Amino acid sequence: MQNSISEKKTLNTKTIVLIGLMGSGKSSIGSRLAKKLSLPFKDADDEISASAKLSVAEIFKVYGEYEFRKLEERVIKRLLMGSKHVLATGGGAYMNEKTRNLIKQKGISVWLRADIETLLERTSRREGRPLLDNGNPKKVLKSLISKRHPIYSNADIIVDTGVQPHGEMVKKIVTAYDAIKG
Ligand code: S3P
């Protein structure tokens with residue numbers, strides 16, 4: 001369906017918001033996507049760390065997950081109220097209803113959908129993810145998949161990520177984004 005001129009104008013000003021589980025590639029694909037579209041790139045977790053002057057793992061350790069989520073909501077709100085950019089969010093951000101509604105209003109959401117093997121392999125490469133530090137990462141990720149995938153499926157754009165190079169992913173997203181913009 002064709003978008004009207006005013007809808008196109010609105011879509012053109014919206015931030016592109018990457019969502020998906022830990023290890024789905026939001027930050028690395030997001031920064032490449034931003035370069036491709038000549039837009040600034042922001043990583044919500046980095047912005048949260050900067051505002052708290054602590055790493056994400058330290059925030060969880062010192063203040064707990066509840067406080068992290070409150071800060072995450074505030075920081076993402078500030079970013080979404082700013083000018084258009086590409087925003088990589090942490091895996092839990094889209095589970096917050098207020099954040100989800102604001103993303104709907106101010107952004108175009110892109111879910112990087114990945115299977116358990118991809119997520120396990122990618123998350124094993126980097127430390128500092130508190131939710132995976134306790135317990136068996138495969139079990140934790142499986143449980144997050146069953147809770148979060150049904151919610152992530154509300155995204156405006158869904159792309160499958162796996163073994164393809166990031167450049168391929170960027171192309172897929174740009175194609176879907178151009179189609180939405182009409
Ligand atoms: C989280 C994902 C992390 C980070 C925090 C919580 C989650 O971000 O925000 O550890 O709840 O899935 P990444 O998805 O970038 O790893």
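View 1. Residues are numbered from 1 along each chain as its sequence is written, and side-chain values use heavy atoms, without hydrogens or water. Because the model is predicted, local features need pLDDT of at least 70 and side-chain atom pairs count only at pLDDT 80 or more, while totals for chains, interfaces and linings use all residues.

View 2. A polar side-chain atom of Arg69 is 2.7 Å from a ligand oxygen. For Arg148, a polar side-chain atom also lies 2.7 Å from an oxygen atom of the ligand. At Gly92 a polar backbone atom is 3.4 Å from a ligand oxygen. The ligand alone exposes 380 Å², of which the protein buries 96% (Shrake-Rupley method, 1.4 Å probe).

**View 3. The largest pocket, which holds the ligand**. The ligand takes up the space of this pocket; to sit there, more than half of its atoms must lie within 2 Å of the grid points. A pocket is an open set of points on a 1 Å grid over the protein atoms alone, where a 1.4 Å probe fits, with protein on both sides within 12 Å along at least five of seven lines; lining residues have an atom within 4 Å of a point. The volume is about 650 Å³, taken as the space filled by probe spheres set on the points. Of the 32 lining residues, Gly23, Ser27, Asp45, Arg126 and Arg129 lie nearest the centre. The lining has seven nonpolar, 14 polar and 11 charged residues.

**View 4. The second largest pocket**. Its volume is about 150 Å³. Among the lining residues are Leu120, Arg125, Glu127, Asp133 and Pro137. Helices α7 and α8 (DSSP runs of H or I, at least four residues) each supply at least two residues of this lining. Three nonpolar, three polar and five charged residues make up the lining.

Technical notes
Polar contact = N/O pair within 3.5 Å; in protein donor to acceptor, adjacent residues only side chain to side chain. Nonpolar A, V, L, I, M, F, W, Y, C, P; charged D, E, K, R; others polar.
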